Amino acid sequence: MTDELVRAITKNNAFRAIAVDATDMVQKITENQKASNLGKTILGRALISGLLLSNALLKDDDRLVLTIDGNGPAGKIVVETSAEGQVRGYVSNPEVTLPLNEDGSENVGAAVGVDGYLTVTKDMGEDMEPFTGKVQLATGEIGDDLTYYMAKSEQIPSAVAVSVEVDSDGNVISAGGFIVSALPDATDADLDTLEEKLQHYPSIASILETNHVPMELLDQLFGAKDLEQVDATPVTSYPETSKARYAQMLETLPVADLQEMLDQDHGVKITDRFTGKEIDFNAEELQALISEAEDK
């Protein structure tokens, strides 16, 4: 199974649609961070949302950072992604747990909270200043909040739906979603029809668990005969940051700070928020960095 994002347009030019199956990627990233089932659901929804948003708003190798901070027990959620299908992210408290909802689903809204904001920062290259948009969180369910962001900040009427299904053993059995945005040719009748179909849409999990084909998420919404697939992009995690790169980051610190780390802690330990892995610099390695910094 290969994670994939697809882009399509309705043949009447009323809607642009993007869908993604990111089951393997969500499993890998959330497992590395030792997330609870609730933590996997939250981070997975955010990763999927970032992929959908970046592909709806960016081009080429532009990047986007999605930050969700509702002051809930899950803490801050940060996702970095590109229009090329690369993504990474973390949740401050990946081990968060709460009682399930009455229907047995994870209580994402309560864990994320609504006392805060969803913030999107778009980095569109060296020639342009980064653009940041921010909206108050509406539900904390993430998909609903992305829908609100698209209408409020980007002025693009859209529907966003994201889903992560985790079994009792902590395995991600499906993770995906879609974003549908109205184009200028969309009529009121088109919008009404879409709203009606969304109200009766089956669960994303029930579609993806069958064969993990993201285009089927859109076929269910519009009908295969009324859609034209534009392209497809593999979904992957960003490469891990190397120890050499972390060494370069340490070298940018004042020498006095590095010396204090050496004197007090006899080295330094860095935790990569995106992978959960620890990167250790022992006393000898830290001394070498100090010597190199002093020679510059």
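Select Arg88 and Tyr238. The charged end of Arg88 sits over the Tyr238 ring, 5.3 Å from the ring centre. Keep in mind that this is a predicted model. Now go to Lys243 and Phe281. Lys243 lies over the face of Phe281, at 5.0 Å from the centre of the ring.

Next, the aromatic pairs. How many does a search of the whole structure find? Three. For one of them, select Phe15 and Phe222. Their ring centres are 5.7 Å apart and their planes meet at 35 degrees, so this pair is tilted. Phe15 belongs to strand 2 (residues 15–21) and Phe222 to helix 7 (residues 215–222), so the pair ties together parts 207 residues apart in sequence. Phe15 and Phe222 are both buried.

Move to helix 4, residues 143–152. Colour its buried residues: Gly143, Asp145, Leu146, Tyr149 and Met150. Look down the helix axis. These buried residues fall within an arc of 155 degrees, so they line one face of helix 4. Now show what covers them. The cover includes helix 2 (37–57), strand 3 (63–69), strand 6 (117–123), strand 7 (131–136), strand 8 (158–166) and strand 9 (172–182).

Then show the largest nonpolar core, with 48 residues. Met25, Val26, Ile42, Ile48 and Leu118 have the most contacts inside it. Helix 2 gives this core its largest share, eleven residues. Centre on Leu118. Beyond its neighbours within four places in sequence, its contacts include Leu66, Ile68, Val135 and Leu137. Leu118 also touches Asp145, Leu146 and Tyr149, which are among the buried residues of helix 4.

Last stop: another core, of 20 residues, lies apart from the largest one. Select Ala17, Val180, Met215 and Leu221, which are among its members.

Methods
Residues numbered from 1 in each chain as written. Predicted model: local features only at pLDDT ≥ 70, side-chain atom pairs only at ≥ 80, totals over all residues. Heavy atoms only, no water. Buried < 20%, exposed > 50% of the residue type's maximum accessible area, 1.4 Å probe, protein only. Helix = DSSP H or I, 4+ residues; strand = E, 2+ residues; numbered from the N terminus. Arc of directions from axis to C-beta. Contact = heavy atoms within 4.5 Å. Phe/Tyr/Trp six-rings, centres within 6.5 Å; stacked < 30°, edge-to-face > 60°. Lys NZ or Arg CZ within 6 Å of the ring centre and 35° of its normal. Core = buried A, V, L, I, M, F, W, Y, C linked by side-chain atoms within 4.5 Å.
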